[in-house]
Amino acid sequence: MLTSHHGNSQGSPLALLDDGDRAPHDAAAHARDGGHVLVVGAPGPRLERLTRTLRATGHEVSHAPPGEVDRRMRQAHPDAVVALDEHGAHLNSGLAVIREVRAASAGRALPLLMVTATPEPAGVVDMLRHGADDCIPEAFDPGELSARIEAKLRRVPVPVESLPRDPRTGLYSHPHFLDELDRELRRPEAARHGGVLAVVSVAEMATLEARLGQRVRREVAERLAGLVNGVSPARAESRAWGGLGSFCDRLGWDDDGRLLMLLPGVDEETARRGLERFAADVAGTRFIVADENVRLTPAIGWLPLTGHTDGTEAVDQARDAVQEALRHRDLRPVRYAPWMRGAPHRHRPLSALLRPALSALSPVLALLIGVAAPFLLYQQTYALGWDLGSAMYWVVVAGLVLSALLIVLECLFSLDAGSRPERPGAPYPPASAVIAAYLPNEAATIVDTVESFLRLDYPDELEIVLAYNTPHPLPVEDTLREIAARDPRLVLLPVAGSTSKAQNINAAVTRVRGEFVGIFDADHHPAPTAFKDAWHWLSNGYDVVQGHCVIRNGESSRVAELVAVEFEAIYAVSHPGRTRLYGFGVFGGSNGFWRTDLLARTRMHGSMLTEDIDSTLRALGEGARFAVDRTLISRELAPTTLKALWNQRSRWAQGWLQVSLKHLWRGLRSPVFTARQKLGLFVLLGWREVQPWLTLQILPILLYSAWRAGGLHRLDWAVPVCVLAVLFTMAAGPVQALFAWRLAVPELRARRRWFWSYFLVSTFFYSHFKNMVARQAHLKEALGDRQWRVTPRAATKAVARR
């Protein structure tokens with residue numbers, strides 16, 4: 001006689017069926033159409049016996065080996081699943097099967113019975129907690145198995161949306177989440193101790209839904225919730241700091257697949273940092289959504305609960321903040337502000353009038369702040385008995401000597417800059433190039449640029465992604481579409497609503513297929529082997545490598561000629577020298593190559609005028625390794641007029657100031673950087689911002705000295721220290737020009753006249769020009785003038801390569 005699973009059995013019913021190949025008479029007599037059962041298990045005698053038992057008790061049976069569950073379910077949707085636990089007491093296989101069944105969209109609500117050979121209580125509890133509906137020993141009565149299946153099939157399923165909370169994922173449905181939020185808001189504010197509401201969407205939702213259907217909405221919300229709770233494969237640091245789950249009290253989802261978070265009792269700064277870390281974890285994780293491996297870009301809107309009484313209104317406001325976050329795609333959580341509801345920015349009339357006026361007068365302001373104010377300070381302190389002006393004289397002399405010494409050191413260290421590894425550390429993987437373009441500005445050159453990328457030599461797959469924005473359709477788009485139809489390597493990615501290069505890159509990074517990404521402006525023509533050369537660095541332990549940008553239109557004008565030599569001084573001398581001197585490199589946004597995973601979780605911030613430097617320093621702060629390679633060439637266009645050069649350098653100088661204000665103090669306190677690297681940060685981000693104002697102090701000190709001596713004619717101009725300091729400072733220019741010529745690319749090294757011209761212009765004009773630009777940029781940043789002025793592009797004559 002067969003016993004139930006609570007008793008002992010003298011033999012397995014599967015074994016009895018093996019003997020007679022028949023089910024017991026009483027089970028067969030009560031059998032009826034039990035529906036379609038999917039049996040999950042590895043082929044073998046156990047699977048065959050279970051299949052015969054189910055068929056003998058009136059069920060239609062199909063089979064799925066582990067790993068094939070979702071595919072078989074889509075072929076024929078079952079009414080129930082019965083799975084074999086292959087490893088018995090160890091339960092590894094059983095839990096894996098449970099996860100596979102529940103991960104399939106068709107398997108979420110299906111009855112799931114586990115058949116195990118050795119049902120230990122702890123193992124049964126584990127399987128039930130992980131999603132099994134029942135667990136039955138292999139020594140079961142066939143009638144009991146059939147009855148258990150039928151009992152679950154007769155149960156009227158309750159949609160998850162109708163439950164207050166999904167028991168499997170812990171997600172509240174939208175109405176029930178609002179109930180929970182209203183309950184929290186009804187508590188007295190004194191008892192709440194702050195609290196934050198956050199809404200999370202993903203930028204790729206529309207694309208995923210168009211390709212895979214509406215089911216991805218819930219799947220995406222579940223994957224995000226799993227990461228909050230530490231279930232998904234997030235980065236190691238996420239697990240170390242505990243994740244948002246340590247203070248996220250309730251999670252829900254809405255019909256559009258957005259994740260709703262309630263974080264009670266959390267102050268705003270803690271919540272913001274936690275949401276930033278969560279966004280980085282999401283961006284750095286590859287998710288399985290509808291059987292596809294996808295990368296997601298989270299867009300997080302949030303607001304404090306203080307002052308709110310209506311949960312629905314609070315969620316709507318957080319959704320408005322989400323829309324702003326979706327525009328930038330830079331992973332930064334956006335705090336709700338009233339203007340996001342459609343109201344225009346309101347500035348005080350006085351401020352609106354003063355800002356452009358003061359910005360236009362910034363050269364005069366620089367003289368007032370940098371010359372007049374110090375002169376008056378020196379006079380007043382002298383009247384009080386302190387000779388501050390004389391002390392500042394020695395400070396300025398020391399500063400000038402230090403600046404010149406740093407230039408000479410960079411030149412010397414550039415001679416022994418690290419060379420590229422001779423061979424790759426791993427086979428060449430698929431790679432991607434991202435060209436960021438504002439199309440109206442690039443229309444004359446973009447086709448030539450795209451064609452140059454399609455001629456690149458790379459041994460594996462190389463896709464070329466043109467991520468562009470344009471306010472209106474342009475004829476050149478038809479030409480680009482024709483090229484894309486002819487060559488599938490070209491991917492056109494219009495980025496609607498984009499206002500910056502950073503947004504274009506952020507939109508592209510989740511779409512690319514390459515293991516590493518090269519980032520380029522729309523006028524760049526990389527050398528044929530650029531991607532092969534970059535992989536030599538990346539496959540040997542580096543995360544980012546910055547190449548050498550060479551000017552290709554130096555013959556267009558005197559300004560372009562000047563910039564061509566300056567770029568050699570920057571990319572062939574300064575960058576390699578600084579990298580070796582201080583132990584890290586910078587940039588990475590133009591002829592820069594990133595590991596895709598790092599760029600995906602770092603992104604670029606469009607609010608930064610030099611977004612590539614900001615991204616590099618954030619990556620360095622996480623421990624990324626950065627190389628600079630002056631032999632990794634890409635040729636670009638230089639500004640051809642003094643006005644265009646002024647606008648470009650003004651943006652660069654203001655961007656450097658933004659980066660310095662954001663990263664200098666943080667970097668100096670960071671345990672990630674060594675003492676040598678912190679010295680480099682201080683020079684790169686601190687001293688470079690002080691130096692333009694320090695050089696200007698020559699004028700007030702000179703005026704002060706003349707005032708004290710009774711006139712300029714009474715000054716002794718042959719003070720040895722001053723003369724030596726001036727000579728040493730002026731010698732730094734020729735030294736840098738000499739090293740730039742020595743290390744320049746061949747086509748520019750042949751232009752000796754350009755280097756002599758650069759030496760003269762730089763010594764007597766250009767250095768002062770750049771200091772003026774830097775001082776004006778400081779004042780613009782203080783006034784809040786952060787307008788991006790586009791550098792115009794035009795098809796021009798290129799420098800002949802020799």
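Modeller: Let us begin with a nonpolar surface patch. Patches are made of residues with over 30% relative accessible area and no salt bridge, where like charges are joined within 9 Å and nonpolar side chains (Val, Leu, Ile, Met, Phe, Trp, Tyr) within 5 Å. Accessible areas come from the Shrake-Rupley method with a 1.4 Å probe, and for residues only the protein chains shown count as cover. Here Leu361, Val364, Leu368 and Ile369 make up such a nonpolar patch, with about 360 Å² of accessible area together. The model is a predicted one, in which local features need pLDDT of at least 70 and side-chain atom pairs count only at pLDDT 80 or more, while totals for chains, interfaces and linings use all residues. Residues are numbered from 1 along each chain as its sequence is written, and side-chain values use heavy atoms, with hydrogens and water left out.

Biologist: How should I read a sheet, and what is the strand order of the open sheet of eight strands?

Modeller: Two strands pair if DSSP finds at least two bridges between them. The order in this open sheet is β16-β15-β14-β17-β20-β19-β21-β18, and the pairing is mixed. At its edges are β16 (490–494) and β18 (525–526), each of which pairs on one side only.

Biologist: Which strands pair with β21?

Modeller: Strand β19 (residues 544–551) pairs with β21 (residues 626–636) in the parallel sense, over seven bridges. Within β21, Val628 is the bridge partner of Gln546, and Glu636 stands opposite Ile551. β18 pairs with β21 in the antiparallel sense over two bridges, and His525 has Arg635 as its bridge partner in β21. Strand β21 is also mostly covered, as ten of its eleven residues are buried.

Biologist: How many salt bridges are there, and what counts as one?

Modeller: A salt bridge is a side-chain nitrogen of Lys or Arg within 4 Å of a carboxyl oxygen of Asp or Glu. By this rule there are 50 salt bridges. One of them joins the side chains of Arg250 and Glu180 at 3.1 Å, N to O. Arg250 belongs to strand β8 (residues 250–253) and Glu180 to helix α8 (residues 174–185), so this pair ties together parts that are 70 residues apart in sequence. Arg250 counts as buried because its relative accessibility is 11%, and Glu180 is buried at 15%.

Biologist: Which residues form salt bridges with Glu566?

Modeller: Glu566 forms a salt bridge with Arg649, with the closest N and O atoms 2.7 Å apart. Glu566 lies in helix α23 (residues 558–582) and Arg649 in helix α26 (residues 642–669), so the pair ties together parts that are 83 residues apart in sequence. Both Glu566 and Arg649 are buried. Glu566 also meets the side chain of Lys770 in a salt bridge (3.6 Å, N to O). That pair links distant parts of the chain, with Lys770 in helix α31 (residues 752–783), 204 residues from Glu566. Glu566 has 4% relative accessibility and so counts as buried, whereas Lys770, at 31%, counts as partly exposed.

Biologist: Which residues are linked in a network of salt bridges?

Modeller: The network consists of Glu209, Arg217, Asp254, Asp256, Arg258, Asp316 and Arg319.

Conventions. Helices (H or I, at least four residues) and strands (E, at least two) are DSSP runs, numbered from the N terminus. Buried means under 20% relative accessible area, exposed over 50%, partly exposed in between (1.4 Å probe, protein chains only).
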